[in-house]
Amino acid sequence: MLKRHLFFFLLSFSLLALTFSTLDTHPFYQPQNWPKPSYNFKGNPLDVEKFKLGRALFYDPILSRDSSISCSTCHLQYTAFTHVDHPTSHGIEGRIGKRNSPSLANLAWRNDFHWDGGVLNLNSQAINPITHHDEMDMTLDEVLRRLDHSPIYAPAFEKTFGTKDIRPFHLVKALAQYTVALVSANAKYDKVMRKEEGVQFSEQELKGYNLFKQNCISCHSGPTLGGDLFKANGLSLDPELNDFGRMTITGKTKDSLLFRVPSLRNIEYSFPYMHDGRYKKLKDVLDHYAHLEDHQVLSKELKRKKPNLSSNDQKDLIAFLKTLSDKQFLFDERFKYAPLK
Amino acid sequence: MTKLILSLFIATSSFLSFSQLNFQCNFQRDPLKLDSIYEVNKGEFLSVKELKFYFSDFLFYNEKGEVLYHSDTLIFYDLEEGSRRLLLSEALVGVNKIEFLLGLDSAKNVSGALEGPYDPLLGMYWAWNTGYINFKLKGTANWISNLKNDFEFHIGGYRAPYGASQKCILIAKGSTFYLDLDAFLQSWNLQEINHLMVPGEKAYLFSQELVKHFHF
């Protein structure tokens, strides 16, 4: 009995110590057997103090024109860093955007950003939501003015970047210190793939995994399970949103209605789904794929092989998709709001 | 905002004897003035409200076509700040030809630098489509029949086939080279195309026409 108490005491102490120790270490890590990240760490070396500054900024509505919304408004940690239950997110003054806010995880391995791939650097990505009319609607001049006058941020930038002259690149690098740290690689799926002791798929999850390999993996590929490809998946154009996706960026008609293939990590928590959030449930998504027709705009993968998913197959596939939930990531204390001291 | 000053240091040409290279934007043979009203044809008035652009990749050649000097520096020009002076870092003899890029190449567009001439505060950064506007021009012309009688051009884009950065090659004839903006605007049908804000074929054609109006 005493031994048992001692064990739990030591375990609790270790966890507590781990919690405190992580505050001194930048949370980014390279998961086992993952490829080299695309992010240019040389241009923004990992620094835990900059991470803390970026985290404070991520949660601070100071970045929006009327100080009403922060990055975290549309990217909530508990819901896979997306805006749960909102087909398209709202910015200041209730302005509605055109696209579903993307889930944030494993951004260090991404070569481009946004549903259309229009943004090529994680650092510069933050400028878009800050200045976008339907999101924060701020000017960079005004953001910098506020930071310069802030009794919290002015000294924090001086401490971390060694400058009293805060420039946009300081701001976006601080934010990137936070977003690049969002590594999700500890779902049940990962543990099974790593052959961790005592962790295995249930029979239903295994059936789902096999269906995933037969029907989904050609696009939702790699350890991030999607993220770098742009594909047409048969969704019709919403005449109100009039969003042609990738074509907006490349100007090429062949890219009409192509959108990013999203990462499936933490998908259980990131509803609603698709670029315009038109599907509320995973079942709706699988129903869509199970009923594709030739007249729809489809990627070559879907043209070649339309998923043939029975109702039971869909249930199995959903059971597998739920193994991609990484609760350690979703509830990681280090990513929660913490004021700057 | 720290003013961008070109700091390439040059010396002289045995033929031309210039110790620095200057740039000036002209309108009707005189330096273009922001907000001035110009009569370009009888009863047709035009005013420029904003003119900003990038130069990059300067190459200096001698008569044999050999490269005497190359500068990879990105140079930002803003009419509000007046003419630009390019000083080169070494003594060059016999400069015959100068080449530069009007705009930024694709590597610079996607570098993610965001500092110095890349600073988004300069108003040239495209947040929705990573990259920079090569050439920004804004103004009014009373013959344009839109609501505000205005024109606005954000010319950029580096993706093939409509990369809008244009190479310009000029035979060196002095220490100052010019852009005749009035000549360009006379050649461009402002009544028909007075707003271009996205990359594409029209932006590409604009850049092709524009580059013809640089000269010594």
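Predicted model: local features only at pLDDT ≥ 70, side-chain atom pairs only at ≥ 80, totals over all residues.
In helix α6 of chain A, which spans residues 140-149, the residues A:L140, A:V143 and A:L147 are buried. Seen down the axis of α6(A), these buried residues fall within an arc of 60°, so they line one face of the helix.

**Helix α6 of chain A**

- The face of α6(A) that is turned away from the buried side carries the exposed residues A:D141, A:E142, A:R145 and A:H149.
- The buried residues of α6(A) are covered by elements of chain A that include α5 (127-131), α7 (153-161) and α8 (168-179).

**Helix α7 of chain A**

- Within α7(A), the buried residues are A:Y153, A:A156, A:F157, A:T160 and A:F161, and because they cover an arc of only 95° around the axis, they lie on the same side of α7(A).
- Among the elements that cover the buried residues of α7(A) are α2 (48-58), α6 and α8 of chain A.
- Just after α7(A) comes A:G162, which takes a positive phi of about 65°.

**Where chain A touches chain B**

- In the contact between the two chains, 18 residues of chain A meet 16 residues of chain B.
- On the side of chain A that touches chain B, the elements giving two or more residues are α4 (122-125), α5, α6, α8 and α11 (247-250) of chain A.
- Sorted by class, this side of chain A has eight nonpolar residues, eight polar residues and two charged residues.

Terms used:
Residues numbered from 1 in each chain as written. Chains lettered and ligands numbered in written order. Buried ≥ 20, exposed ≤ 12 C-beta atoms within 10 Å, placed from the backbone. Helix = DSSP H or I, 4+ residues; strand = E, 2+ residues; numbered from the N terminus. Arc of directions from axis to C-beta. Contact = placed C-beta atoms within 7 Å. Nonpolar A, V, L, I, M, F, W, Y, C, P; charged D, E, K, R; others polar.
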